[in-house]
Amino acid sequence: MNKTEVALPAPGRINCTQCHRGAPFDFDRTQTADAGWRITNNPLAWGSQRPEVIVLGFSKGPTQAGALASTPHDQIAFKGGRTNLAKILHHIGLLPSPDSRLVDQAIADPQGRFHFGSLIRCTVERQDPRKGWSGTGGGMLDRFVATSFGRTVLSACSSRFLGSLPSTTKVVVMLGMGSKGNYVSACRQAIAAARPGPWRTVNEVAYSDGQIMVVHTEHFAAQGALIPNW
């Protein structure tokens, strides 16, 4: 392997302060807020640094973020949602069966086919008048990327973590589509800005620059019949 080839972050904590206005890196302590939204500086990575497939949620939800201090690293990613994630990855042909144990193995394998993380590597929360700061709820994806702060964070994460990818990487799976495809559109704009090139539409949930294909799926935390219907 060429030592100069691009690599994704190694499994573990990522030392990044780009969106925190000059504040020092202080894992899970530094926070930056703007117009009712907040990001907590706790970026993480799992799996391979030179994967074939990258799997990205939107941000760490409360189930994952709440486990940072007490849970082994390889158990944090998609905590509480690995059964659904296995169904999704199997449905699009990336796992041989919808078995959550295959997701467990892939997340823990630093030499495997997969890299796991989130599009926004820090934890995103919004101010809820009733609950205070909350990292869950309908419309999180759409509403955050619709704000100036959200677009700035999205641009920074896309540039750093998706702008230059290993030559082995062929597919990026984005978990979430948003209302009427709004999240698909926002992600495509950000990724295309980070990776200028001949982007083309494959279908309503997929786009490609000839080197990678980005595919949006139902979100792994979707409720009710959303995943079966998808």
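A disulfide is a pair of cysteine sulfur atoms within 2.5 Å. I start there because the cysteines come up first, and that cut-off of 2.5 Å decides them. One caution before the details: this is a predicted model.

So, the cysteines. How many disulfides does a search of the whole structure find? It finds 0. Cys16 is in no disulfide, and the nearest cysteine sulfur to it, that of Cys19, is 6.4 Å away. For Cys19 the closest cysteine sulfur is in Cys157, at 5.6 Å, which is too far for a bond, because a disulfide needs the sulfurs within 2.5 Å. Are Cys16 and Cys19 buried or exposed? Cys16 has 13% relative accessibility and so counts as buried. Cys19 has a relative accessible area of 16% and is buried too.

Next, the helices. Two packed helices are described by the angle between their axes and the distance between the axes. Here the pair is α2, residues 82-91, and α3, residues 100-108. Their axes are 8 Å apart and meet at an angle of about 95°. That makes α2 roughly perpendicular to α3, since angles of 65 to 115 degrees fall in that class.

Which residues make the contact? On the α2 side they are Arg82, Thr83, Leu85 and Ala86, and these meet Ser100, Val103, Asp104 and Ile107 in α3.

Staying with α2, which of its residues are buried? They are Arg82, Leu85, Ala86, Ile88 and Leu89. They cover an arc of only 165° around the axis, and therefore they sit on the same side of α2. Just after the helix, Gly93 takes a positive phi of about 85°.

Leaving out residues up to four places away in sequence, Ala86 touches Leu95, Ser97, Pro98, Asp99, Ser100 and Val103. Asp104 is 18 residues from Ala86 in sequence, and the two C-alpha atoms are 9.4 Å apart in space.

Now two backbone points. Arg21 has a phi near 55°, a positive value in a residue other than glycine. Phe78 also has a positive phi, near 55°, and it is likewise a residue other than glycine. Where are they? Arg21 is in the loop between β1, residues 12-13, and β2, residues 31-34. Phe78 lies in the loop between α1, residues 62-65, and α2. As for accessibility, Arg21 is at 56% and so counts as exposed, whereas Phe78 is at 6% and counts as buried.

Arg21 comes back in the last item, which is Phe149. Phe149 is in helix α5, residues 148-162. At 8% relative accessibility, Phe149 counts as buried, because buried means under 20%. What does Phe149 touch, not counting residues up to four places away in sequence? The list is Arg21, Thr32, Asp34, Trp37, Arg38, Ile39 and Phe144. Arg38, one of these, is 111 residues from Phe149 along the chain, yet their C-alpha atoms are separated by 9.3 Å.

To recap: the search finds 0 disulfides, α2 is roughly perpendicular to α3, and Phe149 in α5 has Arg21 and Arg38 among the residues it touches.

Notes
Residues numbered from 1 in each chain as written. Predicted model: local features only at pLDDT ≥ 70, side-chain atom pairs only at ≥ 80, totals over all residues. Heavy atoms only, no water. Buried < 20%, exposed > 50% of the residue type's maximum accessible area, 1.4 Å probe, protein only. Axes fitted to C-alpha atoms, helices over the stretch in contact; angles between N-to-C directions. Helix = DSSP H or I, 4+ residues; strand = E, 2+ residues; numbered from the N terminus. Parallel < 35°, antiparallel > 145°, perpendicular 65-115°, else oblique. Contact = heavy atoms within 4.5 Å. Arc of directions from axis to C-beta.
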